[in-house]
Amino acid sequence: MGRRHQPFGGKTVVFGGDFRQVLPVVRKGSRGQIIDATLRSSYLWKGMRQLRLVTNMRAHNDPWFVGYLLRVGNGTKETDEQGNIRLPQDICVPPTGDSVELEKLIDHVFPALDHNMSDPNYMTSRAILSTKNDNVDKINKRMIERFQGEEKIYHSFDSVEDDPHGYYAPEFLNNLTPNGMPPHALKLKINCPIILLRNIDPANGLCNGTRLVVRGFERNTIDAEIMLGQHAGRRVFLPRIPLCPSDDDIFPFKFKRKQFPIRLSFAMTINKAQGQTIPIVGVYLPDPIFSHGQLYVALSRTTGNRNIKTLAIKDDGKGKGKGKKQSKNLNK
Ligand SMILES: Nc1ncnc2c1ncn2[C@@H]1O[C@H](COP(=O)(O)OP(=O)(O)OP(=O)(O)O)[C@@H](O)[C@H]1O
């Protein structure tokens, strides 16, 4: 670090990013505060040299799709009078207004599940993405019920720091699942796909967002196999670790959960999928999406138009999104 007065001691540091994607999350932040949290607003920005990557390598076999993604991401895709974007007809599962529509989306993304359950490539090359954890949990629950194989439920140990008199009953704590935390009752089956929620051992490929498949159950560890990236094929034993919610002002007490830092990954939030390549993607949008950047992230995880199916419930203007700072739903 020779030049102490320069950023990073004068060393060259490479930052990467795509400003069309979801911006940093600022809880309850205004538009201005969110923009303020981006690299573009950093005092370092003016000292940076910008290099542009202009070829979409992931979807390079589908030039029409690449152009469509750029129009969505750049905000140049034409909208109707309510601000809705028209999704291509061939990627839409027609909404029917009942539970069958979701089953249809699941069947598109996970065809012949019964025959392919033990094929790790099948399991990790597909996922359903949605905006909210509630939707994701609903789909993961359906999928694990459908999945066949030896089942195990791991329960967490929940506690509150500085609570010597035990004011917070375990039953109450067990019912809490703040964002980014694993559930109290983690129901798994052999060969089911999971995603890591914390960096455990980045040097060995165990990072927040790593996708794995469950191979075996031990009393205090889970035997799993890394599925993607340079560590694909590596068998690891995942430990239970103490976890705290990332938003520390969410409860008026300091909540601690000892659990395996994983969730099922048949479905995940769009934010969690940012940065991943998922060859076959389903997008479930029962509510208006938060921003066009979120739609851009969801659609751009895959390699082309034919590998994506969306189920968008039409926003009739009376929905929950009405009057909030959400962009309109994105229907046909
Ligand atoms: N030069 C290249 N030649 C061939 N394939 C490439 C090349 N660069 C990237 N890819 C492939 O494109 C896909 C996306 O790459 P990568 O995840 O590095 O992009 P990214 O910019 O981080 O994407 P995003 O931000 O959208 O997640 C990967 O499947 C990768 O293997």
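**View 1. A salt bridge joins Arg-146 and Asp-107.** In this predicted model, the closest N and O atoms of Arg-146 and Asp-107 are 3.3 Å apart. The two residues come from distant parts of the chain, 39 residues apart. Arg-146 belongs to helix α6 (residues 133-146), and Asp-107 belongs to helix α3 (residues 99-109). Arg-146 is partly exposed, with a relative accessible area of 27%. Asp-107 is also partly exposed, at 40%.

**View 2. Arg-263 pairs with Asp-137 in a salt bridge.** The closest N and O atoms are 3.5 Å apart. Arg-263 sits in strand β11 (residues 262-264) and Asp-137 in helix α6, so the contact ties together parts that are 126 residues apart in sequence. The two ends have their own accessibility classes. Arg-263 is buried, because its relative accessible area of 12% falls under the 20% limit. Asp-137, at 34% relative accessibility, counts as partly exposed.

**View 3. Asp-158 and Arg-257 form a salt bridge between two strands.** Their side chains meet at 2.8 Å, N to O. Asp-158 lies in strand β3 (residues 157-160). Arg-257 lies in strand β10 (residues 255-259). The partners are 99 residues apart, so this is a link between distant parts of the chain. Both Asp-158 and Arg-257 are buried.

**View 4. Shared partners build a salt-bridge network.** Glu-103, Asp-107, Arg-142 and Arg-146 are joined into one network. The Arg-146 to Asp-107 pair has its closest N and O atoms 3.3 Å apart. Side chains of opposite charge can pair when their charged atoms come close. The count for the model comes to 12 salt bridges.

**View 5. Helix α9 is mostly covered.** The buried residues are Gly-293, Gln-294, Leu-295, Tyr-296, Val-297, Ala-298 and Leu-299. Their cover includes two helices, α2 (63-74) and α8 (270-273). Strands also contribute to the cover, among them β1 (126-130), β13 (280-285) and β14 (308-312).

**View 6. Residues 171-217 carry a UniProt domain annotation.** The unreviewed UniProt entry places the feature "domain: DNA helicase Pif1-like 2B" here. The end C-alpha atoms of residues 171-217 lie 25 Å apart. The span is 9% helix and 34% strand.

Key:
Residues are numbered from 1 along each chain as its sequence is written. This is a predicted model: local features need pLDDT of at least 70, side-chain atom pairs count only at pLDDT 80 or more; totals for chains, interfaces and linings use all residues. Side-chain values use heavy atoms; hydrogens and water are left out. Buried means under 20% relative accessible area, exposed over 50%, partly exposed in between (1.4 Å probe, protein chains only). Helices (H or I, at least four residues) and strands (E, at least two) are DSSP runs, numbered from the N terminus. Contact means heavy atoms within 4.5 Å. UniProt positions are given in the numbering used here, feature names are shortened, and annotations may be inferred rather than shown by experiment. A salt bridge is a side-chain nitrogen of Lys or Arg within 4 Å of a carboxyl oxygen of Asp or Glu.
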